[in-house]
Amino acid sequence: MIAPADRIGLVTGAGSGIGRATALEFAHTGAKVAVLDINAEAAAATASAIANAGGSAIAVQVDIGDDGSVKAAVENVVTTYGRLDFAVNNAGVPSFHRQLDEMTVDESARVVHVNLVGTFLCLKYELAVLSDAGAIVNVASSGGLHSMPNAPAYVASKHGIVGLTKAAARDYASRQIRVNSLCPGATQTPFFESIATGTSMAANAAAATPLGRVAQPEEVAAAAVWLCSPAASYLTGIALPLDGGRWQ
């Protein structure tokens, strides 16, 4: 088994929020991290933060909804570091404040394509090169386990990620590869702030959560790192809620 400090992995959507916190936390354990994001400058900033702290990271621009872009990004990681031991597929897009009959087909298709098909593409190219006994975490959402108001395409895409995770976990278990999904609730990220600004969403989420607050990105990152660690060696195919007790 590869020691945690010697592992090589990638995190998508690592330019900000949960992805950035996850890349930083993996680097803190000693892992070499490929920082993937559609925003090249944001990816470079996270990679620089890792390097400035004494870690090893590369920044890779990727559009997870584009087959060729994902293939090239994963190849870049393997070319640079020689292998891939773990991956956290975190990138995605929001879609809120509209009921189903108010959404256009194009908007719904985009959300499902980026979130679900994008995760499929990441898994496709990661699993082809992942080390035996490697680990993958797909970041879904509490919306992948429960309904959410005015977010039909988002909920559908995140439920799809949970199902895709279960299928991959079964199919690759013979190689001792573990694939799990992480389902955070409201988390204080730029992603959340972009949809909560001007609404009572943040206050409502905190009030509905037994712990009385939304999550911090570092708390979600810690769970992702744990799921990829030897401490979670007998967990595969699960959808782990991280919601402060809101959905019990």
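**Parallel strands and the helices that link them**

Helix H3 (residues 67-81) is followed by glycine 82, whose phi is positive, near 95°. Helices here are DSSP runs of H or I with at least four residues, strands are runs of E with at least two, and both are numbered from the N terminus. The model is predicted: local features need pLDDT of at least 70, side-chain atom pairs count only at pLDDT 80 or more, and totals for chains, interfaces and linings use all residues. Residues are numbered from 1 along each chain as its sequence is written, and side-chain values use heavy atoms, with hydrogens and water left out.

At its N-terminal end, H3 is capped by aspartate 66. A side-chain oxygen of this aspartate lies 3.2 Å from the backbone nitrogen of glycine 68. H3 has 15 residues, which at 1.5 Å a residue should span 21 Å. The expected span is 1.5 Å times one less than the number of residues. The end C-alpha atoms of H3 are 22 Å apart, which agrees.

Ser69, Val70, Ala73, Val74, Val77 and Tyr81 of H3 are buried (under 20% relative accessible area, with exposed over 50% and partly exposed in between; 1.4 Å probe, protein chains only). They cover an arc of only 130° around the axis, so they sit on the same side of H3. The arc is that of the directions from the helix axis to the C-beta atoms. An α-helix has 3.6 residues a turn, so residues three or four places apart point the same way. The cover over the buried residues of H3 includes E1, E2, strand E3 (57-61), E4 and H4.

Valine 62 lies in the loop between E3 and H3. At 5% relative accessibility, valine 62 counts as buried. Residues up to four places away in sequence aside, valine 62 touches Leu36, Asp37, Ile38, Ser69, Val70 and Ala73; contact means heavy atoms within 4.5 Å. Valine 62 and glutamate 102 are 40 residues apart in sequence and 31 Å apart in space, C-alpha to C-alpha.

The strands come next. Two of them pair if DSSP finds at least two bridges between them. E2 (residues 32-37) and E3 pair in the parallel sense over five bridges. Aspartate 37 has glutamine 61 in E3 as its bridge partner. From E2 the chain crosses through helix H2 (residues 40-52) to E3, in a right-handed β-α-β crossover. Right-handed means that, with the strands pointing away from the viewer, the path from the first strand over the helix to the second runs clockwise. E3 has a covered face, Ile58 and Val60, and an uncovered one, Ala57, Ala59 and Gln61.

E1 (residues 8-12) is largely enclosed by the rest of the structure, because five of its five residues are buried. Ile8, Leu10 and Thr12 are buried on one side, and Gly9 and Val11 on the other. E1 pairs with E2 in the parallel sense over five bridges. Isoleucine 8 stands opposite lysine 32 in E2. With helix H1 (residues 17-28), E1 and E2 make a right-handed β-α-β unit. Three bridges join E1 to E4 (residues 84-89), and the two run parallel. Glycine 9 stands opposite phenylalanine 86 in E4.

E4 also runs parallel to E5, joined by five bridges. The chain crosses from E4 through helix H4 (residues 105-129) to E5, and this β-α-β crossover is right-handed. Eight of the ten residues of E5 (residues 130-139) are buried, so E5 too is largely enclosed by the rest of the structure. E5 and E6 (residues 178-184) pair in the parallel sense over five bridges.

Technical notes
A polar contact is a pair of N or O atoms within 3.5 Å; within protein, one must be able to donate a hydrogen and the other to accept it, and residues adjacent in sequence count only if both atoms are side-chain atoms.
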